[in-house]
Amino acid sequence: MILDDIVRNTALRIREPEESGEKMTPLSLKEAILSVQGRHAVIAEIKFSSPSAGKIRERTDPGKIAEEYQNGGCAAISVLTEPDYFGGRPDDIAVVKNAVSLPVLRKDFITDLRQIEETRALGADAVLLIAGLLGGRTGEFVSAARRAGLEPLVEVHTPAEAELARASGAELIGINNRDLRTMEVIRGTTAALAGPLRNAGRIVVSMSGIRGPEDIRRTAPHADAFLAGTVLMSADDPKMVLEELVCA
Ligand SMILES: O=P(O)(O)OC[C@@H](O)[C@@H](O)c1c[nH]c2ccccc12
């Protein structure tokens, strides 16, 4: 299965983190989401290809894309750093951080605590932790991320994972509408899982499969923020499409 291949190959790339120089004070993804008023908080993703979509667009300077996203009014930027299936690079984090003044979320397949240190060393503000990969270790990774100065965003797709995420203490929970194992998008996933999480005070990010403003409007009663990738990266004018999502 593709997900197993990705996780295995990613683990093979892990190196002991090197001591890196002074890092900037992290920007809060939570604050960025909560400070959006009168429009939708959108996390715009930089992703050049994916197992489900194949090649999305030619690789160009991620800093330029990030600037366009910032001009389009996103609350934060997500950067896929996995190289083999998503066309990303770890160093894209620093490039994006230098280009914009928004929180940057690193998205990769994290299954080893050394990747948490690495993520902070790369300059990210927040890190994606996938409950479906971490299982009972989710809470341990949430704590490790905080200790490293990173805000954890825990991704879930099933009720059991949602409960794991809630119990992990993470404040930010991403409900992935796409099943990472089958790659099928079920747009009702956010509505189905958000209730208990929001009642427990968690901030819910609805992720994946957003095709346009209508998808945002339909899910808005169930989510505090949205994460969109393919619809933006495949657009001729990502800034314009992002503005449509933000103002949906
Ligand atoms: O391109 P989309 O359908 O807008 O989806 C973005 C994002 O949610 C997706 O890239 C994603 C969500 N969780 C992940 C985990 C790993 C890799 C990728 C992802």
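UniProt, in an unreviewed entry, lists residues 24-245 as "domain: Indole-3-glycerol phosphate synthase". What you have on screen is a predicted model, and in it that span is 41% helix and 19% strand. Its end C-alpha atoms sit 30 Å apart.

Now zoom out to the protein as a whole. Count up the secondary structure and you get 13 helices and ten strands. The radius of gyration is 16 Å, close to the 18 Å that the globule rule gives for 248 residues, so the protein is as compact as a globular protein of that length.

What about the inside? Buried residues account for 52% of the 248. Take the contacts with a separation of 6 or more, and 66% of them come from residues 24 or more positions apart.

Most residues other than glycine have a negative phi. Met183 isn't a glycine, yet its phi is positive, about 70°. You'll find Met183 in the loop between β8 (172-176) and α10 (189-199), partly exposed at a relative accessible area of 26%. Ser208, also not a glycine, has a positive phi of about 85°. Ser208 lies in the loop between β9 (203-207) and α11 (213-219). Is Ser208 buried or exposed? At 15% relative accessibility it counts as buried, because the cut-off for that is under 20%.

Note on methods:
Residues numbered from 1 in each chain as written. Predicted model: local features only at pLDDT ≥ 70, side-chain atom pairs only at ≥ 80, totals over all residues. Heavy atoms only, no water. Helix = DSSP H or I, 4+ residues; strand = E, 2+ residues; numbered from the N terminus. Rg over C-alpha atoms; globule rule 2.2 N^0.38 Å. Buried < 20%, exposed > 50% of the residue type's maximum accessible area, 1.4 Å probe, protein only. Contact = heavy atoms within 4.5 Å. UniProt positions renumbered as here; feature names shortened; annotations may be inferred.
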